Amino acid sequence: QKVMIQMLIMFLIFFSMSLAVLMFTLKISTKELLSIIKVRTLHLKQANQQKNKLFSIVAHDLRSPFSPIIGLTQMVINEIDKLTKKDIVKANTDVNLTARHVLDLLETLLHWSRIQMDKGTISKGNFYLNDLAISNLNLFKMLAHEKQISLKNSVNETLEINADNSVLNTIIRNLISNAIKYTPSGGLIEISSRQINNQWQLVISDNGIGMTSRQISSILADQSKSTTGTNGEIGTGLGLSVCIELLKKHGSQLIIESKETIGSQFYFDVEGCLKQKIPHAHNTLSDSTIKNTDHFKILIVDDQSINRMLLGATIKKLEYDHEQAKNGKDALEKLKHDKYDLILTDIKMPMMDGFELLNSIKNNPIYNTIPVIAFTGTEADDLSNKGFDGQLMKPLDEDKLKVILEHFLVPHLDPSMK
C-alpha cells in the first residue's frame, strides 16, 4: 500500500509537470500565433492600401488623359475642312504629348507593380551614361519646350558605367519628369555627372519651386502625396517611390537636397570610370553614304496594320525600301520570292509568332544570315539571348530605329556607293 501511494504521488508530480509544460507550450504557441496573425494582418492592410492606390490611379490618372486624346482626334475628324495646317499641327502636338504622358505613367505603374511583387532582376552591363542622358532629354524635349524650360546635358561623354540600362533609364526618366513638373516657365533642368572622393554620381538639378526638409523626409519614407505642378500638372506620386526602390535594388540610394523657391538636386552613386569612346564604323561615314540606302530592303512583320503603316512610313522617311507581312507565315512566303536585308518582327502574332518565325529563319541556310530584330511592346529580358539580333520597343522611337538600321546595314554598303 505504501508503494502504491508513492507511485500515485510520483504520477501526480509527473502529471502536474507535464500539464505545466503543456500549458507553457500552449501559451507560447498562442503568443506566436497572435504575433503571426498581427504581422499577416499588417501585410494584408498594406496590400489593401496598395490595391486601393492602384485602382485610384487607373480610375483617374490613367483614364483622364484619354478625354483630350479622344476629343482632339474627334475634332480633327469632324472639322478637317475648316482647320488650318497650324490648327492640325497644334492638335496633333497635344495628342502626342498626352499619349507620351500616358505611356510614361503606364511604364512607371509596371515598375511599381513589380516592386510590390518583389519581382524583376538586375542585369548590369557597361554603357556610356551620356548616351542615356541624351535619349532621355530628347524624350522630354517637346514637353520642356511647351513649358519654356531649358534642358542641359553636362554628363561626361567618356564616363562608362556598369549598371542595368533599363532600370537606370526608368530612374532618369522619372527624375526629369518630376523636375519638369515642379519647374516654372523659364526654368532650367540639368543632368550632369561628378566625381567625389573617387565616387561617380549622376545629378539631376532644377531651379524650380523646391521643397521643405519635411517634404524630403516624407518622400524618402514613401509617405508623400502627389501635389500639382507649376502648370497644374497632376501625378500619381509613384515616380520618386519607384526611383528609391529601384536604386535600393541596384545597391544605391537617392539623395535629395532642396530649398524652397531655389530648386532641388537629386543624385545617386553610379559605378563607372572614364573610358575613351571608339566611334562605330557607321558614324564615320559621310552623310551622302548614309543617305544612299534605297537599295536595302526591310521586311516589316506585324499583325497590326497601324504598326506596319507607322513603321513603314518612318523607314521610308529614312530612305530605305520595305515590304510588309501580317504574321510569321506571311513573312516566310515573302522570303521565298524576294530578298531582304533586315527583318523587323513583332512577337505576339496569330498563325505564326515572332519566335516561330525566328526559328524558321535561323534554321534555314538560305535566310539565316538576315538580321532579325524584335519589334515589340512587351517588356522582356534581353531578347538577344533568345536568338534575336536586336530589339526595338514599341511605341516606335525614330532615333533608336535609325541607330539599328545604320548598325546592321550602313557598315555593309557596297564600296562603290561610298
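1. Strand 11 and strand 12 (residues 372-376) are paired in the parallel sense over three bridges, where two strands are taken to pair if DSSP finds at least two bridges between them. Within this pairing Ile343 is the residue that stands opposite Val372 of strand 12. Strand 9 (residues 297-301) is joined to strand 11 by four bridges, and these two strands also run parallel; here Ile298 stands opposite Leu342. Helices (H or I, at least four residues) and strands (E, at least two) are DSSP runs that are numbered from the N terminus.

2. The model is a predicted one, in which local features need pLDDT of at least 70 and side-chain atom pairs count only at pLDDT 80 or more, while totals for chains, interfaces and linings use all residues. Residues are numbered from 1 along each chain as its sequence is written, and side-chain values use heavy atoms, with hydrogens and water left out.

3. Strand 11 (residues 342-345) is covered on both faces, with Leu342 and Leu344 buried on one side and Ile343 and Thr345 buried on the other. Buried means under 20% relative accessible area, exposed means over 50%, and partly exposed lies in between (1.4 Å probe, protein chains only).

4. These strands belong to an open sheet of five strands with the order 10-9-11-12-13 and parallel pairing. Strand 10 (321-325) and strand 13 (390-393) stand at the edges with a single partner strand each, so one side of each has no neighbour in the sheet. Neighbouring strands of this sheet are turned against each other by 20 degrees on average, direction ignored. Helix 10 (residues 305-317) packs on the sheet and touches strand 9, strand 10, strand 11 and strand 12, its direction making about 170 degrees with that of strand 10. For such values, axes are lines fitted to C-alpha atoms, for helices over the stretch in contact, and angles run from 0 to 180 degrees between N-to-C directions; contact means heavy atoms within 4.5 Å.

5. Helix 11 (residues 328-337) and helix 12 (residues 354-362) pack at an angle of about 25 degrees, with their axes 9 Å apart. The two helices are therefore roughly parallel to each other, given that angles under 35 degrees count as roughly parallel, over 145 as roughly antiparallel, 65 to 115 as roughly perpendicular and the rest as oblique. On the side of helix 11, Gly328, Ala331, Leu332 and Leu335 meet Leu357, Ser360 and Ile361 of helix 12. The residues of this contact divide into five nonpolar, two polar and no charged, where Ala, Val, Leu, Ile, Met, Phe, Trp, Tyr, Cys and Pro count as nonpolar, Asp, Glu, Lys and Arg as charged, and the others, Gly among them, as polar.

6. Another open sheet is formed by five strands in the order 2-4-5-7-6, and its pairing is mixed. Its edge strands are strand 2 (150-154) and strand 6 (255-259), each of which pairs on one side only. Neighbouring strands here are turned by 20 degrees against each other on average, direction ignored. Helix 4 (residues 129-139) lies across strand 2, strand 4 (188-196) and strand 5, and runs at about 170 degrees to strand 2.

7. Strand 7 is mostly covered, with six of its eight residues buried. Strand 5 (residues 199-206) and strand 7 (residues 263-270) run antiparallel and are joined by seven bridges; Gln201 stands opposite Asp269, and Ile204 stands opposite Phe266. Strand 6 and strand 7 also run antiparallel, with five bridges between them, and Ser258 has Ser264 of strand 7 as its bridge partner. In the hairpin of strand 6 and strand 7, which has three residues between the strands, Thr261 takes a positive phi near 70 degrees.

8. Helix 8 (residues 239-249) has eight of its 11 residues buried, so it is largely enclosed by the rest of the structure. The buried residues of helix 8 include Leu240, Val242, Cys243 and Ile244.

9. Overall, the protein has 13 helices and 13 strands, and 37% of its 418 residues count as buried. Among its contacts between residues at least 6 apart in sequence, 72% join residues at least 24 apart.
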